[in-house]
Amino acid sequence: MKMRKIAAMGLSAVMATSMVPVLPVMADDAAGKVYYLNFKPEQDEAWQNLAAKYTEETGVPVTVVTAASGQYETTLQSEMAKSDAPTLFQVNGPVGLKNWKDYCYDLSGSDIYSQLTSDAYTVKDGDAVDGIAYVIESYGLIVNKTLLEKAGYTVDDIKSFDDLKKVADDIQARKDELGVKGAFTSAGMDGSSDWRFKTHLANLPIYYEYQADGIDDTDAIKGTYLDNYKNVFDLYITDSTCDGAELSAKTADDSRNEFINGDAVFYQNGSWEYGELSKTYSDDELAMIPIYFGVDDENEGLATGTENFWCVNKEASEEDIQATLDFMNWCVTSEDGTKAMSEDMGFTIPFKTAQESTNVFVKQDAEYTAAGLTPVSWNFTTMPSEEWKNGLGTALTLYAAGSGSWDDVVSAFVDNWATEKALSE
């Protein structure tokens, strides 16, 4: 998703440090080369290592460039305009595909397509397979179980929004006694972090509205569950490690570090954070619970889905296209590739040869589902545009700081949705 880690750096600095080929391009280009524009900053190191291993094994040069958090679309536009454009890139679903479908190679006859466990993990333009999902992820509230138990609770005490509020309010009131700075890590609205609230948290009112109305998209969102959205966001502000006025400058790293340092009990984020958190905490100390929304709490599971679809640039040379297809297939079928994606990246991949994940959050998602809870689908792929998300993020930031109203948030959510959907038609 999530995209998250390289935040405070300028784009030029990120590109300067990331845009280094794993090996120099060889004089003999007959086998082609791969240029992957990576969406996920938190997996940059793992991708660099995996690319180097592939190059060592095959001799095919692989360059991995990682866009700065929140800057993927801008970076993709810039890189696609160059003569040596990415051969492998991603879109976030049907809305993102609209901008790039003319660049997408049809993957319907590819080896990697034949490895998919379900056709549901594709985005299509007619019969053409323009994109293939390469990861399924979950997000919710990550819990420091040790701190929670120190406060006198377990995760079994939290089964609803009312439970969550009761526990969080109590922790906040006793924060000095408990040695924490707040119940929740900072809900940072810096560009590296605001996607957690203008996209991931905002998915919840969309999900429940779609469920109630029996739809999977709309040109005019009603905002039926925005009061629930407000209740959760208010909790993030009032029971936080910092004042709401400070959130505009708080980054993804700030929030993560607060959790790692034991400054807060709850941390809204996803399964992609496991690799970093597991350096500090054992699996027994970590849990992920649903973002209880006060709608159907007894049946709600983690938010599980994907917005990460690989696309191959059909404007690349035939040799580079084939090299890219070979690299993709190796990533999801070879022992080295599947192990890296499972263990180093923490991914659950939707392919037949996937290795069982060691990620405790992935395991908990499976346990919730096996227990009969319903995963919250990722409907934010239907959000009308980045402009809509940015407008919502601005409204949330002003509201948190006390200089904006919730009515402004509702307008950004509902009115701007209709405007942006109309513009995208």
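Biologist: Is Asp 408 buried, exposed or partly exposed?

Modeller: Please bear in mind throughout that this is a predicted model. Burial is read from relative accessible area, with buried meaning under 20% and exposed over 50%. Asp 408 has a relative accessible area of 43%, so this residue is partly exposed. Asp 408 lies in helix H18.

Biologist: Which residues form the contact between H11 and H18?

Modeller: A packing contact is read from the residues that meet on each helix. On the H11 side they are Leu 226, Tyr 229, Lys 230 and Phe 233, and on the H18 side Trp 406, Val 409, Val 410, Phe 413 and Val 414. Sorted by class, this contact holds 8 nonpolar residues, no polar residues and 1 charged residue.

Biologist: At what angle do the axes of H11 and H18 cross?

Modeller: The angle is taken between the N-to-C directions of the two axes. For H11, residues 226-238, and H18, residues 406-424, the crossing is at roughly 125 degrees, and the axes come within 11 Å. The two helices are therefore oblique to each other. Their crossing is right-handed.

Biologist: How is H7 oriented relative to H11, parallel or antiparallel?

Modeller: Angles under 35 degrees count as roughly parallel and those over 145 as roughly antiparallel. H7, residues 161-173, packs against H11 at about 10 degrees, with the axes 10 Å apart. H7 is therefore roughly parallel to H11. The crossing of this pair is left-handed.

Biologist: Which residues of H7 and H11 meet?

Modeller: H7 contributes Phe 161, Leu 164, Lys 165, Ala 168, Asp 169 and Gln 172, while H11 contributes Asn 231, Val 232, Leu 235 and Thr 238. The class division for this contact is 5 nonpolar, 3 polar and 2 charged residues.

Biologist: What is the angle between H2 and H15?

Modeller: H2 and H15 pack at about 170 degrees, and their axes are 11 Å apart. H2 is therefore roughly antiparallel to H15. The contact joins Ala 46, Trp 47, Leu 50, Lys 53 and Glu 57 of H2 to Asp 336, Gly 337, Ala 340, Met 341 and Asp 344 of H15. These residues comprise 5 nonpolar, 1 polar and 4 charged.

Biologist: Which residues of H15 are buried?

Modeller: In H15, residues 335-344, the buried residues are Gly 337, Thr 338, Ala 340, Met 341 and Ser 342. Their cover includes helix H2 (44-58), strand S11 (309-312) and helix H14 (318-333). After H15 comes Gly 346, which has a positive phi, near 75 degrees.

Biologist: How many disulfides are there?

Modeller: A disulfide is a covalent bond between the sulfur atoms of two cysteines. In a model, one looks for a pair of cysteine sulfur atoms within 2.5 Å. By this rule the count is 0 disulfides. Cys 104 is in no disulfide, and its nearest cysteine sulfur, that of Cys 311, lies 3.9 Å away. At 5% relative accessibility, Cys 104 is buried. Cys 331 is likewise in no disulfide. For Cys 331 the nearest cysteine sulfur is that of Cys 311, 15 Å away. Cys 331 is buried, its relative accessible area being 0%.

Biologist: Is Gln 364 buried or exposed?

Modeller: The cut-off for burial applies again here. Gln 364 has 13% relative accessibility and so counts as buried. Gln 364 is placed in helix H16, residues 360-370. Neighbours within four places in sequence aside, its contacts are Leu 286, Ala 287 and Met 288.

Biologist: Which residues does Lys 175 contact, leaving aside its neighbours within four places in sequence?

Modeller: With those neighbours left aside, Lys 175 is in contact with Val 180 and Lys 181. Lys 175 belongs to helix H8, residues 175-178. Its relative accessible area is 28%, so Lys 175 is partly exposed. The C-alpha atoms of Lys 175 and Thr 241 are separated by 9.5 Å, although the two residues are 66 apart along the chain.

Technical notes
Residues numbered from 1 in each chain as written. Predicted model: local features only at pLDDT ≥ 70, side-chain atom pairs only at ≥ 80, totals over all residues. Heavy atoms only, no water. Axes fitted to C-alpha atoms, helices over the stretch in contact; angles between N-to-C directions. Helix = DSSP H or I, 4+ residues; strand = E, 2+ residues; numbered from the N terminus. Parallel < 35°, antiparallel > 145°, perpendicular 65-115°, else oblique. Left-handed = near helix turned anticlockwise from the far one by under 90°. Contact = heavy atoms within 4.5 Å. Nonpolar A, V, L, I, M, F, W, Y, C, P; charged D, E, K, R; others polar. Buried < 20%, exposed > 50% of the residue type's maximum accessible area, 1.4 Å probe, protein only.
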